[in-house]
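Hi everyone, thanks for coming along. Let me put the sequence and the structure up on the screen before I start.

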Amino acid sequence: MTPGNNGASTPEDDDPFGYLYADGQANGAQPPSGGYGYPNSVNRVRPVGTRQYGAPQAQAAPQQQGAYGQPNSHYAAPETYPGGGQGGGPQQQTGRAAGGGGGGGRRGPNTKGLLIGAVAVVAAVVIGIVVAMTGNDTKKKDDEAAPAPAPTRAEPTEPSPSSTQSGTTEPEADLPTTDAKGLQLSPGVTTATDIAGAESDGGAYVTNLNQPGATVTWTVDGIPEDGPYTLFARFSAAGEDQSMTLTVNGKPFGSKLNLGNFAHAEDGQFDKGWTETYAWPTLNKGSNTISVSCQDGDKCDVLLDRMYLRKGQTKR
């Protein structure tokens, strides 16, 4: 083709319906037989599906629509079709949007699943820590609420005196008992009845014990057998705690007989200071001698009411 020569015909002369006109027929236009009018014209129209590229291919059977959510057995990856291949062609890139869930482009990693898994792991760790801390707190509370076990210790030779008020405890009928009128008193020691609260016959009690050497003695007869006994002494103390020497069968027993102000009476209020103390001497069968005296280092400002025995070691 040279300048000024546009060939046998021009595009505007390539009329597909030229065979219908006289000038078209004069130029050799033919009715279409698989193409358009003019000889050697562009083959523009052909039935759908008849165009083939390269080697003939067998007509593919129509694909059947599978059940919802199930893979289509006739599906083939885009790269298996002519012109497919790998890469991000337009069809591959937009396949997911156009297909509505079909086999579109490649999908990225499932980051949502990874995030859910990470959150679950963190939640499990937090729950474990909370449970452990709760268990420790519960155990700690249980330990604090539980009462501490009483320490084991050997009973002292002279037990601590009872702090309960006297007047409700009675001696056993088969063991001896005595009161202020039945005790042997050393010189200067007397009985009196002017302070209320004594349980001896006529409300009598022993006084003037607060002097060196002052002694009361009880000769006990009728002890049924050798062994430990509990000696109870009812007395009154006011103000400071007191203590005197206890002697059993001529031998000092223990350290001191505790005559504390267990009733918490004010100084001089002996009528409000009546209480009891006790000791655990070992007595012989038959007759025994029990003495309470004011010796060096003793505090003896007390009133003595009565004395009685119980078998064994007891506190009431």
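A word on the ground rules before that. This is a predicted model, so local features need pLDDT of at least 70 and side-chain atom pairs count only at pLDDT 80 or more, while totals for chains, interfaces and linings use all residues. Residues are numbered from 1 along each chain as its sequence is written, and side-chain values use heavy atoms, with hydrogens and water left out.

Let's start with charge. For a salt bridge, I need a side-chain nitrogen of Lys or Arg within 4 Å of a carboxyl oxygen of Asp or Glu.

Please find Arg-234 and Asp-305, whose side chains meet in a salt bridge at 2.5 Å, N to O. Arg-234 sits in strand β6 and Asp-305 in strand β13, so this pair links distant parts of the chain, 71 residues apart. Strands here are DSSP runs of E with at least two residues, helices are runs of H or I with at least four, and both are numbered from the N terminus. Are these two partners buried or exposed? Both Arg-234 and Asp-305 are buried, where buried means under 20% relative accessible area, exposed means over 50%, and partly exposed is in between, using a 1.4 Å probe and protein chains only. The pair also belongs to a network of salt bridges that links Glu-199, Arg-234, Asp-305 and Arg-306.

Next come Lys-181 and Asp-201, with a salt bridge of 3.9 Å, N to O. Lys-181 is in the loop between β1 (177-179) and β2 (184-185), and Asp-201 is in the loop between β3 (190-192) and β4, 20 residues apart. Lys-181 is exposed, at 53% relative accessible area, and Asp-201 counts as exposed at 52%.

Glu-240 is in the loop between β6 and β7 (242-248) and Lys-299 in the loop between β12 and β13, so the pair ties together parts that are 59 residues apart in sequence. Glu-240 is exposed at 54%, whereas Lys-299 is partly exposed at 43%.

Now to the rings. Rings of Phe, Tyr and Trp (its six-membered ring) pair if their centres lie within 6.5 Å; planes under 30 degrees apart are stacked, over 60 edge-to-face, and the rest tilted. By this rule there are five aromatic pairs. Phe-232 and Tyr-278 make a tilted one, 6.0 Å centre to centre with 50 degrees between the planes. Phe-232 lies in strand β6 (residues 227-236) and Tyr-278 in strand β10 (residues 274-279), so parts 46 residues apart in sequence are tied together by this pair. Both Phe-232 and Tyr-278 are buried.

Phe-235 and Phe-262 form an edge-to-face pair, 6.4 Å between centres and 80 degrees between planes. Here strand β6, which holds Phe-235, is linked to Phe-262 in the loop between β9 (257-259) and β10, 27 residues apart. Phe-235 is buried at 0% relative accessibility, and Phe-262 is buried at 18%. There is a cluster as well: ring pairs link Phe-232, Tyr-278, Trp-280 and Tyr-308.

On to the sulfurs. A disulfide here is a pair of cysteine sulfur atoms within 2.5 Å, and the count is one. Which cysteines are joined? Cys-294 is joined to Cys-300, S to S 2.0 Å, and with 95 degrees about the S-S bond the link is right-handed. Cys-294 is buried at 6%, and Cys-300 is buried at 1%.

Now look at Asp-298, in the loop between β12 (286-293) and β13 (303-311). Asp-298 is buried, with a relative accessible area of 13%. Its side chain makes a polar contact with the side chain of Thr-245 at 2.8 Å. A polar contact means N or O atoms within 3.5 Å; within protein, one must be able to donate a hydrogen and the other to accept it, and residues adjacent in sequence count only if both atoms are side-chain atoms. The Asp-298 side chain also reaches the backbone nitrogen of Gln-295 at 2.7 Å.

Last stop: Thr-207, in strand β4 (residues 205-207). Thr-207 is buried at 17%. Leaving out residues up to four places away in sequence, Thr-207 touches Val-189, Thr-190, Ala-192 and Leu-303, with contact meaning heavy atoms within 4.5 Å.
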